[in-house]
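Me: I have a structure here that is new to me. Please go through the terms used for it and say what each one rests on.

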Amino acid sequence: MARWINACATDDIDDEDVIRFDYEGPTFAIYRGPDGSFFCTDGLCTHEKVHLCDGLVMEYKIECPKHSGVFDYRTGEALRAPVCVNLKTYTTKVEDGRVYIEV
Ligand code: FES
């Protein structure tokens, strides 16, 4: 059954930035878009399992730090080679200044 996990404070992430969040084994990447909205994906690139939190956020895209593959972090869609497998995404919500992800 899906449940909501309290992941971080909204202030922990700047606009157009990403942080790593580990929970019970899996690792996630939590993004703050240019409009201040929050998104969450699996934390590892689908190409060679590199942490995406070390990548570069550009508007609604994340560029992997290893081979510069690009995903749309809103949908998980793989946009630029060498990535060809989409990222899994997770629903987020904000309550009382905290960001929750549904896992
Ligand atoms: S590990 Fe991410 S593009 Fe290769």
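Predicted model: local features only at pLDDT ≥ 70, side-chain atom pairs only at ≥ 80, totals over all residues.

Me: What makes up the secondary structure of the chain?
Reply: The chain has zero helices and eleven strands. Read along the sequence, the pattern is β-β-β-β-β-β-β-β-β-β-β.

Me: Why is the chain called as compact as a globular protein of its length?
Reply: The radius of gyration is 13 Å, and the globule rule gives 13 Å for 103 residues; the two values are close, so the description applies. The C-alpha atoms fill a box of roughly 40 × 30 × 20 Å along the principal axes. Of the 103 residues, 41% count as buried.

Me: What makes β5 and β8 edge strands?
Reply: Both belong to an open sheet of four strands in the order β5-β6-β7-β8, with antiparallel pairing. The strands β5 (56-58) and β8 (78-80) each pair on one side only, and this is what puts them at the edges. Neighbouring strands of this sheet are turned by 30° against each other on average, with direction ignored.

Me: Why is the aromatic pair of Phe28 and Tyr90 called edge-to-face?
Reply: Ring centres must lie within 6.5 Å to pair, and planes over 60 degrees apart count as edge-to-face. The centres of Phe28 and Tyr90 are 5.0 Å apart and their planes are at 85°, so both conditions hold. Phe28 lies in β3 (residues 27-32) and Tyr90 in β9 (residues 89-90), so the pair ties together parts that are 62 residues apart in sequence. The structure holds seven aromatic pairs. Ring pairs also link Phe21, Tyr23, Phe28 and Tyr90 into a cluster.

Me: How do you know whether Phe28 and Tyr90 are buried or exposed?
Reply: Buried means under 20% relative accessible area. Phe28 has 4% relative accessibility, so Phe28 counts as buried. Tyr90 has 16%, so Tyr90 counts as buried too.

Me: What makes Lys93 a residue that lies over the face of a ring?
Reply: One condition is that NZ of Lys is within 6 Å of the ring centre. Lys93 is at 4.5 Å from the ring centre of Trp4 and at 5.7 Å from that of Tyr100. Both distances are within the cut-off, and Lys93 is listed over the face of Trp4 and over the face of Tyr100.

Me: What is noted about the backbone of Lys49 and Ser68?
Reply: Lys49 has a positive phi of about 60° although it is not a glycine, and Lys49 sits in the loop between β4 (38-42) and β5. Ser68 has a positive phi of about 65°, again without being a glycine. The place of Ser68 is the loop between β6 and β7 (70-72).

Me: Where is the cis peptide bond?
Reply: The bond joins Ala81 and Pro82, with omega at about 10°. Pro82 is in the loop between β8 and β9.

Key. Residues numbered from 1 in each chain as written. Heavy atoms only, no water. Pairing = 2+ DSSP bridges. Helix = DSSP H or I, 4+ residues; strand = E, 2+ residues; numbered from the N terminus. Axes fitted to C-alpha atoms, helices over the stretch in contact; angles between N-to-C directions. Phe/Tyr/Trp six-rings, centres within 6.5 Å; stacked < 30°, edge-to-face > 60°. Buried < 20%, exposed > 50% of the residue type's maximum accessible area, 1.4 Å probe, protein only. Lys NZ or Arg CZ within 6 Å of the ring centre and 35° of its normal. Rg over C-alpha atoms; globule rule 2.2 N^0.38 Å.
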